[in-house]
Amino acid sequence: MPDSKKNPGFAGITGDFKVTEAEIRGTEYVGVRAVDGGHASVSGTLPFQVASRGASDQPLFEGAHGERLEKILSRYEDPQGALLPALHLAHEIRGHLSPEAMDAVAERLGLSPAYVRGVASFYTMYNLQPLGRYLIQVCTNISCNLCGGDEVMRAFLKHTGIEPGEVSEDGLWTVIEVECLAACGFPTAVQINERYFENVRPEDVPAILDRLRKEAPEMGAPAAPTGSES
Amino acid sequence: MAYPFVHPDETRVLSKHFGEPEARTLAGWEARGGYQALRKAVEMGPAEIVSEVKDSGLRGRGGAGFPTGVKWSFMPQASGKPHYLLCNADESEPGTFKDRELIRWTPHQLIEGCLIGARAINVQHVYIYNRGEFFETTQILARAIEEAYEAGYIGKDILGSGVDIDITLHMGAGAYICGEETGLMNSLEGRRGEPRLKPPFPAAVGAFGRPTTINNVETLCAVPHIVTHGGEWYRQWGTEKSPGTKLFCVSGHVRKPGNYEVPLGFNFREFIYEMCGGPPEGRALKAVIPGGSSVPILRPEEIDIGMDYEAMAAAGTMLGCGSVIVMDETTDIVKQVRRMSDFYTHESCGQCTPCREGTAWASRILKRIEDGWGSEEDLDTLLELSENMAGKTICTFSDAAAAPIVSSVQKFRDDYLALIRRGENLAASA
């Protein structure tokens with residue numbers, strides 16, 4: 001991937017682009033947001049990267065995470081409206097949605113546990129089982145498929161040595177197919193945790209995995225809910 | 001070279017500042033004339049905004065093409081209860097990637113559009129339902145919303161007008177069906193994203209039981225420009241019934257994929273061959289899907305038409321959300337239709353039997369044909385199945401799932417037959 005000519009945000013043609021990867025992703029502008037979610041209007045979005053994936057046994061919804069949930073709740077006339085953001089938050093803290101986490105959400109929002117499970121199981125982004133540190137989602141829908149999405153999927157499986165949906169032995173990888181990621185002009189689109197990799201060819205896969213392997217230790221332990229930036 | 005590919009024949013209104021990182025900051029947006037439309041809208045008052053948008057002829061960009069001003073006029077006057085405006089940013093139609101780019105490059109354009117829309121229909125709270133997968137673009141939009149709150153564009157007493165409008169960014173969680181407006185409302189309410197029966201329509205009973213309007217990102221992004229320059233100005237582009245410009249997302253076998261903004265009614269053939277560079281060197285065009293995977297496929301000889309709602313309908317397809325998927329002669333049509341069908345099987349919410357069962361059966365039959373075990377009767381079965389799926393369910397998902405199957409069997413029957421014959425020959429020689 002570290003190909004200076006190839007702009008990861010842009011379509012498969014190499015060339016001299018004015019904007020950098022950081023500018024496309026907006027990382028300079030956005031920076032890192034606080035664990036308590038920042039302004040209430042946007043507290044339902046993930047201020048932290050899903051990099052903290054990988055389980056934590058802190059109590060759910062205490063400290064800064066609790067503050068974030070209160071902010072989320074303040075934005076809906078019915079607490080049930082906060083269900084999706086609350087599940088996202090629990091997912092972010094725990095790395096997946098365990099029965100215990102879903103029950104905690106149900107209790108906080110005054111819903112029945114069965115109802116919460118019914119909703120959680122409807123949406124594909126709520127993972128009810130633990131995942132690898134990196135969830136690699138390869139788009140194989142039509143636009144990417146026309147440009148070789150299936151081969152990219154096979155390359156990820158080959159180089160991680162796992163079957164779709166499995167967690168690799170070192171705990172690093174889970175690879176699945178995903179439906180259209182809305183990056184069709186930049187095939188093949190691959191989402192790895194929170195980050196999009198666009199314009200991926202099968203031969204790019206080993207370099208992407210290497211890059212992630214190098215980043216993995218820096219991600220460290222899951223963020224502590226202190227309200228500080230980390 | 002600017003933003004991926006910019007063609008001189010484009011008419012860049014909404015996409016003018018794509019590729020300019022500084023345009024996404026509040027200061028950068030204000031320097032580009034941002035929030036002037038909001039100032040004007042606050043003075044204009046609701047009735048005048050609605051009338052201006054009606055005059056412009058702006059039509060919903062999410063796919064259905066319903067006139068936006070008319071939709072707004074369905075909202076009741078202030079009833080003392082909360083009213084809601086929902087911005088549909090759950091972009092998930094295969095082939096579509098315009099809303100993500102609009103949010104990524106011009107988040108304040110969307111915020112301004114939401115605020116003006118809210119002002120027009122007396123809404124105090126706007127929810128932007130953003131697709132769950134869009135972590136990166138969501139952070140850009142979130143930062144922009146925080147900036148706009150700090151600057152007093154959102155919140156209490158906007159620009160000293162006495163008008164209060166809040167915006168909340170709400171993340172989806174991975175379900176195509178939540179892009180359907182009633183499914184989106186259910187999802188916002190913390191339910192499974194299953195579409196609702198209409199009537200009651202959202203303007204009467206919407207999110208949380210309140211009067212609600214749902215608009216697409218691109219629709220709302222066009223509103224500030226219309227308020228600034230007037231409805232007549234917007235009509236300088238496009239056709240009588242489809243005025244204005246539209247973003248088209250081009251993907252697949254094309255030399256210059258990306259987003260292009262052109263006036264509605266632009267010639268489709270010229271668009272594909274001139275603007276987007278046509279299929280790769282030395283390969284012929286085989287098929288084009290003009291509006292996302294849910295619309296009927298066109299053959300190369302059918303593309304000498306205008307890119308507007310009426311011309312597409314006359315050609316037996318739909319403009320949809322303007323997602324042009326180009327397929328060249330190397331394409332295995334049956335495989336691609338099977339892949340689309342798998343998508344619909346996965347994403348069917350399961351409420352209605354024709355859709356839940358129909359999508360799954362269609363996928364299995366298509367897979368059988370693809371693998372060489374099909375027969376000619378399977379094609380009749382597919383058409384019969386599709387007929388039982390279309391128009392028989394709560395929402396139009398089932399119709400969307402049937403569209404590529406029916407159009408491909410009708411227009412690319414030879415591709416199906418070739419696979420069927422090959423399988424029969426293999427079986428005979430075994």
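Why is helix α9 of chain B largely enclosed by the rest of the structure? Helix α9 (residues 217-229) has 11 of its 13 residues buried, so the rest of the structure largely encloses it. Among the buried ones are Val217(B), Glu218(B), Cys221(B), His225(B) and Val227(B). Just after α9(B) comes Gly230(B), with a positive phi of about 95°.

A word on what you're looking at: this is a predicted model, where local features need pLDDT of at least 70, side-chain atom pairs count only at pLDDT 80 or more, and totals for chains, interfaces and linings use all residues. Residues are numbered from 1 along each chain as its sequence is written, while chains are lettered from A and ligands numbered from 1 in the order in which they are written. Helices (H or I, at least four residues) and strands (E, at least two) are DSSP runs, numbered from the N terminus.

| Domain of chain B | Residues |
|---|---|
| domain 1 | 21-234 |
| domain 2 | 245-328 |
| domain 3 | 333-429 |

Taken over C-alpha atoms, the centres of domain 1 and domain 3 of chain B are 37 Å apart. Their contact takes 9 residues from domain 1 of chain B and 8 residues from domain 3 of chain B; two residues are in contact if their C-beta atoms, placed from the backbone, lie within 7 Å. On the domain 1 side, that gives 5 nonpolar, 2 polar and 2 charged residues. Nonpolar covers Ala, Val, Leu, Ile, Met, Phe, Trp, Tyr, Cys and Pro, charged covers Asp, Glu, Lys and Arg, and the others, Gly among them, are polar.

What about chain A? The contact between the chains draws 65 residues from chain B and 53 residues from chain A. Elements of chain B that each supply at least two residues include α5 (98-105), β3 (166-171) and α13 (333-347). Helix α7(B) gives the most, with 10 residues. By class, the chain B side has 27 nonpolar, 23 polar and 15 charged residues.

Helices α5(B) and α7(B) also meet each other. Arg100(B), Ile103(B) and Arg104(B) in α5(B) meet Thr137(B), Ile140(B) and Leu141(B) in α7(B). Sorted by class, the residues of that contact are 3 nonpolar, 1 polar and 2 charged.

Technical notes
Domains from an automatic or database assignment. Buried ≥ 20, exposed ≤ 12 C-beta atoms within 10 Å, placed from the backbone.
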